[in-house]
Amino acid sequence: MIDLGDMIIRISSKDSHRLERSINGGRTWLPHWDRQLFEFRDLMDRGDELLAETSKGLYRSVNKGQSWSMRSRKKKQKGNIIMNEKELCKKASLSERVI
């Protein structure tokens, strides 16, 4: 769930292909994104963009989730574990708070 101040955005509990929005603190929810292109797995607010971990990779939105563009494709790796972009963003956020 992402609180953008004027609205809250969440992945639908009934259908992970959809996002919902609330403009009244979560009392009621309306459809926000309902295109069956991919499954949402997680959302993250990066200030100037929203990031979404999806079934097809990492997507970004610069307009509060109205539209999404691919940021990176999912990679299948064998052997060494490579940190994905989401983990890097989290690590960067943590280090920014500490400094």
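Two strands are taken as paired if DSSP finds at least two bridges between them. The model described here is predicted.

Q: How many residues lie between E1 and E2 in their hairpin?
A: Strand E1 covers residues 2-3 and strand E2 covers residues 8-11, and 2 bridges pair them in the antiparallel sense. In the turn, Gly-5 has a positive phi of about 90°. The number of residues between E1 and E2 in this hairpin is 4.

Q: Which residue in E2 stands opposite Ile-2?
A: The pairing of E1 (residues 2-3) with E2 (residues 8-11) is antiparallel. Within this pairing, the residue in E2 that stands opposite Ile-2 is Ile-9.

Q: Which residue in E3 stands opposite Ile-9?
A: E2 also pairs with strand E3 (residues 19-22), in the antiparallel sense and over 4 bridges. On the E3 side, the residue opposite Ile-9 is Arg-21.

Q: Which residue in E4 stands opposite Glu-20?
A: E3 and E4 run antiparallel and are joined by 3 bridges. Across this pairing, Glu-20 faces Pro-31.

Q: Which strands stand at the edges of the open sheet?
A: The sheet has 4 strands with antiparallel pairing, in the order E1-E2-E3-E4. An edge strand has a single partner strand, so one side of it is left without a neighbour in the sheet. The strands in this position are E1 and E4 (30-33).

Q: How many salt bridges does a search of the whole structure find?
A: A pair qualifies if a side-chain nitrogen of Lys or Arg is within 4 Å of a carboxyl oxygen of Asp or Glu. Lys-64 and Asp-6 meet this rule, with their closest N and O atoms 3.0 Å apart. Over the whole structure the number of salt bridges is 5.

Q: How many residues apart are Lys-64 and Asp-6?
A: Lys-64 and Asp-6 form a salt bridge. Lys-64 is in the loop between strand E7 (57-61) and strand E8 (69-73), and Asp-6 is in the loop between E1 and E2, so the pair links distant parts of the chain, at a separation in residues of 58.

Q: Is Glu-20 buried or exposed?
A: Glu-20 meets Arg-10 in a salt bridge with an N to O distance of 2.8 Å. Arg-10 in strand E2 and Glu-20 in strand E3 are 10 residues apart. Arg-10 is partly exposed, with a relative accessible area of 21%. The relative accessible area of Glu-20 is 10%, so Glu-20 is buried.

Q: What is the N to O distance between the side chains of Glu-49 and Arg-71?
A: Glu-49 sits in the loop between E5 and E6 and Arg-71 in strand E8, 22 residues apart. Glu-49 counts as buried, at 10% relative accessibility, whereas Arg-71 counts as partly exposed, at 31%. Their side chains meet in a salt bridge, N to O, at 2.5 Å.

Q: Which residue has its backbone oxygen 3.0 Å from a polar atom of the side chain of Ser-22?
A: Ser-22 belongs to strand E3 and is buried, with a relative accessible area of 1%. Its side chain makes a polar contact of 2.9 Å with the side chain of Asn-24. The backbone oxygen at 3.0 Å is that of Thr-28.

Q: Which elements give two or more residues to the lining of the largest cavity?
A: The count is 1 cavity of 30 Å³ or more, and the largest cavity holds about 30 Å³ of space. Its lining consists of Ile-2, Ile-9, Leu-19, Leu-43, Met-44, Leu-50, Leu-51 and Trp-68. The elements that give two or more residues are strand E5 (40-45) and strand E6 (50-54).

Q: How many nonpolar residues are in the lining of the largest cavity?
A: Among the lining residues are Ile-2 and Trp-68. Ile and Trp count as nonpolar. The lining holds no polar and no charged residues, and its number of nonpolar residues is 8.

Conventions. Residues numbered from 1 in each chain as written. Predicted model: local features only at pLDDT ≥ 70, side-chain atom pairs only at ≥ 80, totals over all residues. Heavy atoms only, no water. 1 Å grid on protein atoms, 1.4 Å probe; cavity = no way out; pocket = protein on both sides within 12 Å on 5 of 7 lines; lining within 4 Å. Points joined across faces, edges and corners; volume = space filled by probe spheres on them. Buried < 20%, exposed > 50% of the residue type's maximum accessible area, 1.4 Å probe, protein only. Polar contact = N/O pair within 3.5 Å; in protein donor to acceptor, adjacent residues only side chain to side chain.
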